[in-house]
Amino acid sequence: MTGLLALIVVILFVVTLWQMSKIFKLSQFNKKTNSETAQVADDKDNRINGKLMLWFAVVFYFIMAYCFINYSKFYLPEASSEHGADYDNLLFISLALIMFVQVITQALLHYFAYRYSGKKGQKALFYADNDKLEFIWTIIPVIVLAGLIIYGLFTWSDIMNFEEDEDAIVVELYAKRFGWQARYAGEDNTLGNANVRFIEGANTVGVDESDADAMDDKITTELHLPVGRQVIFKLRSQDVLHSAYMPHFRAQMNVVPGMITQFSFTPSKTTAEIRDTDYMKDKMATIKDIRKEKNKQSIAAGDGPIDAYDEFDYYLLCNKICGASHYNMQMKIVVETQEEYDAWMSEQKTFGSSLATAQE
């Protein structure tokens with residue numbers, strides 16, 4: 001590796017000397033050559049470069065169209081939360097404006113480079129000063145960007161400045177390298193106090209054992225949410241900066257050591273419902289084909305079969321590079337009916353009972 005790096009340094013040094021020699025020659029050509037032999041573009045060069053610019057535009061738009069047609073399948077499906085539609089609208093409006101401006105400006109740029117390529121004796125028309133043109137190309141972007149920013153601020157405000165419903169569920173998401181735990185408020189719907197200083201033994205999330213509100217809290221390694229009911233997330237980190245990322249719900253919030261951040265959304269589509277969509281059926285069929293081939297390769301290499309992945313599941317991910325196993329920091333999310341949620345919740349132990357069991 002050291003030898004390769006040394007070779008790269010030598011090559012770069014030689015290229016630098018070569019470029020410097022060319023610059024020196026260009027700076028001295030007036031003294032040694034006349035205008036007929038100088039390295040200045042002539043009409044032929046201008047025509048060639050004009051045509052190349054035109055062809056570049058054709059190839060550029062072809063690649064762009066190809067990418068939109070062939071890679072649009074990698075878009076996320078329709079949002080599974082109530083606020084997700086507003087989020088997606090803001091995204092697509094921004095993309096539409098960017099694409100509209102990009103298509104027009106790039107087309108004009110390359111067309112003008114071809115149409116008005118330089119010719120000997122031809123002087124370009126230019127304006128030393130034109131207040132009207134400057135006003136037009138200044139005020140239009142100002143109006144468009146101001147409208148987009150104001151729309152974005154209102155959308156952001158509607159998503160972040162939420163009002164708590166009477167039947168809202170309070171859930172704490174606790175992040176640590178490299179995993180997640182969820183803590184549900186009990187029947188009092190109030191999370192007990194917690195601090196990393198209280199972490200000891202079975203108390204893995206640092207719940208304050210002296211707080212009566214904490215005794216009915218329920219700590220799980222899987223996140224269950226009832227569809228159509230507001231969920232308020234309280235986020236804590238044990239060690240470093242993490243980011244709670246739930247892409248299908250269009251939700252992300254940093255998890256900061258030493259403070260509690262919060263986010264809220266209402267799930268609008270159960271796990272069973274999204275599995276039944278055409279999008280997810282096609283997605284899973286593609287994934288199964290890929291994994292089937294990889295499974296053959298793994299067995300042939302003597303590494304044994306890879307783990308099965310037969311059904312789609314929502315997942316909570318970490319979207320901050322928090323360490324070596326960051327890629328594997330995830331927790332399964334199950335969105336279900338209220339009846340299914342209640343049945344699952346009734347099976348979970350309270351913090352008080354778990355603590356008593358551990359102390360026996």
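Serine 264 is buried, at 6% relative accessible area (buried means under 20%, exposed over 50%, and partly exposed in between, with a 1.4 Å probe and protein chains only). Select this residue before anything else. What you have open is a predicted model, where local features need pLDDT of at least 70, side-chain atom pairs count only at pLDDT 80 or more, and totals for chains, interfaces and linings use all residues. Residues are numbered from 1 along each chain as its sequence is written, and side-chain values use heavy atoms, with hydrogens and water left out.

**Stop one: around serine 264.** Which residues touch serine 264, once neighbours within four places in sequence are left aside? They are Phe162, Gln230, Val231 and Ile232, where contact means heavy atoms within 4.5 Å. Now pick valine 231: its C-alpha atom is 5.6 Å from that of serine 264, although 33 residues separate the two along the chain.

**Stop two: strand S8.** Serine 264 sits in strand S8, so colour residues 261-265 next. (Strands are DSSP runs of E with at least two residues, helices are runs of H or I with at least four, and both are numbered from the N terminus.) Of the 5 residues in S8, 4 are buried, so the strand is largely enclosed by the rest of the structure. Phenylalanine 233 has phenylalanine 263 in S8 as its bridge partner.

Most residues other than glycine have a negative phi, and most peptide bonds are trans. Jump to arginine 177 and phenylalanine 178: the peptide bond from one to the other is cis, with omega near 5°. Phenylalanine 178 lies in the loop between strands S1 (169-176) and S2 (179-184).

Then select asparagine 189, in the loop between S2 and strand S3 (218-220). Its phi is positive, near 55°, and asparagine 189 is partly exposed at 30% relative accessibility. Arginine 250 also has a positive phi, about 50°. Look for arginine 250 in the loop between strands S6 (242-246) and S7 (251-255), where it counts as buried at 11% relative accessibility.

**Last stop: zoom out.** Show the whole protein, with its 8 helices and 10 strands. The C-alpha atoms fill a box of roughly 100 × 60 × 45 Å along the principal axes. Of the 360 residues, 28% count as buried.

Note on methods:
Two strands pair if DSSP finds at least two bridges between them.
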